[in-house]
Amino acid sequence: MISQAQFEKEIEGIIANAVREDVGDGDHSSLACIPESTQGKAKLLVKDNGVIAGVAFAKKVFEYVDKNLKIETLIEDGSQVKFGDVVFYVEGASQSILKAERLVLNAMQRMSAIATKTKSYVDLLEGTGTKILDTRKTTPGIRALEKWAVKIGGGENHRFALYDMIMLKDNHIDFAGGVTAAITKTKTYLKTKNKDLKIIVEARNLQEIEEILQNGGVYRILIDNFNYEDTRTAVKLIGDTCLTESSGGINEDTLRKYAECGVNYISSGALTHSVYNMDLSLKAV
């Protein structure tokens, strides 16, 4: 994953771009009917059940829009919430609250949905020693928010993007001329470029796993679209040589069964690409 400093830069960029997109040359609805001096207070109301996420992000948004806005937090990120809960109050210039409202809600609704789904997967894996990973199957432009939500839900982040880890998948292997060629060329590239990046290699069958192991220097093997029996065999073959990860259409019904095969990680794009936003609203009080 990227550094915390780089992550913070991503968040800052998301906020700046989202405010630009939503506000433009002004929130004319508010400017038209609410005097600049008007002060107000609003509450973040939960109208659903699940894990709340995005409270810390909301604070960043409010600060970006108006440093004088005051937030009273009642429920922190990662907490279970139910219909009727109030997560926080925000108080200050009414125009500022309204300017930030939609960005805060859009982000928190999606982040909370992702955190809720992630927590359900984490619960299913309890006691197995297997950890759940996200993927790059994220919404363009807000990847940092979605990966942040996975962490809040108790999951772990895979690589952030193409630049912070090497991941040799089926197409890389085929275009490179095979498993050995792909790994050999990658090691040469990293040495030439003086880059220290971990290498993950995808295996489509047990023969490819054996070939990966023969090459060595791999951080994790992605056991992709294997059945349970072959996954257990793969884990036994790999042993302590490197870490293991299962992927490929794994869902709530099959998650624990793959974990019981002994893999270290299971990655799931569904954490970020198949969620329904949590129902939240920001109401004047």
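## Strands β7 and β8

In this predicted model, β7 and strand β8 run parallel and are joined by three bridges. Strand β8 covers residues 199-203. Across the pair, M167 faces I200 in β8.

## Helices on the sheet

Helix α7 spans residues 179-193. This helix packs on the sheet and touches both β7 and β8. The direction of α7 makes about 165° with that of β7.

Helix α8 also packs on the sheet. Its residues are 206-215. Helix α8 touches β8 and β9, the latter being residues 220-224. Here the direction of the helix makes about 155° with that of β8.

## The whole sheet

Now take the sheet itself. It is open and built from six strands. Their order is β6-β11-β10-β9-β8-β7, and the pairing is parallel.

Which strands stand at the edges? They are β6 (131-133) and β7 (166-168). Each has a single partner strand, so one side of each is left without a neighbour in the sheet. From one strand to the next, the twist averages 25°.

## Residue E146

E146 belongs to helix α5, which runs over residues 143-152. Is E146 buried or exposed? Its relative accessible area is 1%. The cut-off for buried is under 20%, so E146 counts as buried.

What is E146 in contact with, leaving aside its neighbours within four places in sequence? The list is R110, I114, T138, T139 and T272.

Conventions. Residues are numbered from 1 along each chain as its sequence is written. This is a predicted model: local features need pLDDT of at least 70, side-chain atom pairs count only at pLDDT 80 or more; totals for chains, interfaces and linings use all residues. Side-chain values use heavy atoms; hydrogens and water are left out. Two strands pair if DSSP finds at least two bridges between them. Helices (H or I, at least four residues) and strands (E, at least two) are DSSP runs, numbered from the N terminus. Axes are lines fitted to C-alpha atoms, for helices over the stretch in contact, and angles run from 0 to 180 degrees between N-to-C directions. Contact means heavy atoms within 4.5 Å. Buried means under 20% relative accessible area, exposed over 50%, partly exposed in between (1.4 Å probe, protein chains only).
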